[in-house]
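Okay, everyone, thanks for coming.

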Amino acid sequence: IAPWLSRKVGDFRALGIGLILMIIGMPLVIFVQNLVYFMVVAYVINLGYSICMPTFRTIITQSVNPTRQGDISGIDESIFALSAALAPLFGGYLYAVTPDLTYLIFALILLAAFTGFLWYDRKIQTSIQSPHLIQK
């Protein structure tokens with residue numbers, strides 16, 4: 001779905017939609033009462049994730065010189081591997097300490113990422129419309 005959505009609304013908006021889906025889904029996990037509701041909430045979160053990951057990788061590889069795309073992809077994979085190692089530890093600790101707040105905390109982390117995305121997108125849009133306003 002990510003390539004289709006990116007073609008329809010653009011990469012940055014597709015990334016934003018994916019982040020919003022995850023932000024909405026994470027706190028809803030707190031209220032899961034049965035398997036059906038869990039499957040719906042998990043679908044929303046996974047849909048957001050499946051939109052975010054390929055779209056983010058597209059954005060970062062297109063943002064560098066073609067000769068540096070391998071470098072940026074390597075950095076991205078290294079950060080992803082580090083987060084795959086640390087996130088379960090962080091999440092497990094949070095769940096042990098505050099099981100009801102764990103998903104809300106993750107939603108707040110995603111909200112911070114979304115805020116950074118909005119700031120960056122606004123900066124890019126401003127530089128496109130008025131390049132003399134952005135200083136390097």
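This is a predicted model: local features need pLDDT of at least 70, side-chain atom pairs count only at pLDDT 80 or more; totals for chains, interfaces and linings use all residues.

Residues are numbered from 1 along each chain as its sequence is written, and side-chain values use heavy atoms, with hydrogens and water left out.

So, how many salt bridges does the structure hold? Three, where a salt bridge is a side-chain nitrogen of Lys or Arg within 4 Å of a carboxyl oxygen of Asp or Glu.

Look at R57. Its side chain meets D76 at 2.6 Å, N to O. R57 sits in helix α3 (residues 35-62) and D76 in helix α4 (residues 69-97), 19 residues apart; helices here are DSSP runs of H or I, at least four residues, numbered from the N terminus. R57 also bridges to E77, at 3.2 Å, N to O.

Buried or exposed, then? Buried means under 20% relative accessible area, exposed over 50%, partly exposed in between (1.4 Å probe, protein chains only). D76 is buried at 11%, while R57 is partly exposed at 26% and E77 is partly exposed at 41%.

The other pair is R68 with D71, at 2.7 Å, N to O. R68 is partly exposed at 47%, and D71, at 39%, is partly exposed too.

How values were computed:
Helices (H or I, at least four residues) and strands (E, at least two) are DSSP runs, numbered from the N terminus.
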